[in-house]
Amino acid sequence: MSTDQVSVVVTGLGATTPLGGDVASTWSAMLSGKSGVRPLAESWAKELPVRIAAAAAVDPATVLGRVASRRMDRYQQFALVAARQAWQHAGAPQADPERIGVAFSSGVGGMISTLSAYDTLRERGWQRVSPFTVPMLMPNGAAGWVSLELGARAGAHSPASACSSGAEAIAYGMEMIRSGRADVVVAGGTEAPIHPLHLAAFASMRALSLRNDEPERASRPYDKGRDGFVLGEGAGAVVLESAQHAARRGAEVLAIVAGVGYSADAHHIAQPDPDGAGAMLAIRRALADAGVAADQIVHVNAHATSTPAGDLPELLAIKEALGSAAGNAIISATKSMTGHLIAGAGALESVASICALREGVAPPTINVDDLDDEIATVGLDIATEPRRLRRVEHGLPAALNNSFGFGGHNVALVFTAAD
Amino acid sequence: MAMTEQEILAGLGEIIDEIAGVPADAVTPSKNFVDDLDIDSLSMVEIAVAAQDKFGVEIPDEELKNLRTVQDVVDYVQRAAVSA
């Protein structure tokens, strides 16, 4: 454990996902192996090769109310819902506003609002374009709204790295506290990408599963029959705090954000490096930053999106980075249940990693009907049902959460159980 | 077809409730948009566009900035409707 560094802890969790409108319902559904993937009911889906997605269980507009919702893109609505939950869970900490920060990211931002506003422009002229269009479409809008809600004045940030944005935001928040810029940070990731354009665009890349007739079985990381990911929507949020600040106010520490490791693949703009070299580097760096030994990692929430190309390299990277201790880690690919929340993923999966550490149980990877041979050969312990986490010999039990984004961005987060 | 002041006020109340969530019965003539109803400049643009649709009356930007109270808008709509 690093001693010369400010320790950053997690004191609140929030989430709104395809499995449930909050953390408790989402986590409970995960442990039950439920799937949030459904057929798309919209008429536009008929024109597309992909007709399934993981829509949010609870419409955020119903939570925020009509007036607030009409000036926020759906991705911002998810962020605010999750951020509020996390803040309440943390006990709405009293702190100097200039010491409260926000780091909340999105991958595609307010694309739904952008496209809708463009239709309005063409059909009804510029005067009918909402004056809130710019705040709705800008990708930093979630961070802005959360900062506004909390009166957070240390800074509001939105690092963008596609599917690793949510993890990167949490890392950014951790670093804000470590560097002394803030005592409390609300961090997370959010995405509302379910729109014919995104479905068409990802389908055109052949990135999405075409298993339209069996939606709940479409997201199947590690399975021989995996054929792409399922697009999901929602947000995850955490309240990060300096250990000192949390202790002073008697807050319950849910977990420690021990460290982050970054790397860039520099391999291809969208395809993962088949060797997993970049991922391995990020994991190694995360362990070093966290001051955590490989044998403390009892759980990995894998990025594992259910693509033929991506699932294996990550496992190779994990095996390489954890070495002889790799067998201690129980691996869960929760996108099998939630689908891929893009920027929401890294944050939701951080929340899931923390829940796993707190309860000592790894959620299942569902739909592994027939484990891929090459993946079986790697020989790691993949949970296909809920599994008790192993005990550690020394130090605190730790969880690794991987997130990799188009563009070659790799972010590995290490959480440990609270002291 | 001329609208009465009451009809305009009621219509404006509906618009403001829809756009800003202020209950229609709180939209009384002397209320100031910014100070009393907490309505920002972006919402004022939306209100002006909605008023155009509802009352058939255009409110150019130069005029909008002078409309500070509910009564100002009611008076403007009445005048503009008469001269239309």
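This is a predicted model: local features need pLDDT of at least 70, side-chain atom pairs count only at pLDDT 80 or more; totals for chains, interfaces and linings use all residues.
In what order do the 11 strands of the open sheet in chain A run? The order is β5-β4-β6-β7-β1-β8-β15-β14-β9-β10-β12, and the pairing is mixed.

Go to the edges of the sheet, residues 155-157 (β5) and 381-382 (β12) of chain A. Each of these strands has a single partner, so one of its sides has no neighbour in the sheet.

Next, select residues 8-16 and 234-242 of chain A, which are β1 and β7. The two strands pair in the antiparallel sense over 8 bridges. Within this pair, V8(A) is opposite S242(A) of β7(A).

Now show residues 343-359 of chain A, helix α14, which packs on the sheet. Its contacts include β1, β7 and β8 of chain A, as well as β4 (100-106) and β6 (184-191). The direction of α14(A) makes about 60 degrees with that of β7(A). From first C-alpha to last, this helix of 17 residues reaches 25 Å, close to the 24 Å expected at 1.5 Å a residue. Of those 17 residues, 15 are buried. Step on to G360(A), which follows α14(A) and has a positive phi, near 65 degrees.

A further helix to select is α11, residues 277-290 of chain A. It lies across β8, β14 and β15 of chain A, at about 145 degrees to β8(A).

Finally, switch to chain B, which has 4 helices and 0 strands. Its C-alpha trace spans about 30 × 25 × 20 Å along the principal axes. Of the 84 residues in chain B, 30% count as buried.

Notes:
Residues are numbered from 1 along each chain as its sequence is written. Chains are lettered from A and ligands numbered from 1 in the order in which they are written. Two strands pair if DSSP finds at least two bridges between them. Two residues are in contact if their C-beta atoms, placed from the backbone, lie within 7 Å. Axes are lines fitted to C-alpha atoms, for helices over the stretch in contact, and angles run from 0 to 180 degrees between N-to-C directions. The expected span of a helix is 1.5 Å times one less than its number of residues. A residue is buried if 20 or more other C-beta atoms lie within 10 Å of its own, exposed if 12 or fewer, and partly exposed in between; C-beta atoms are placed from the backbone.
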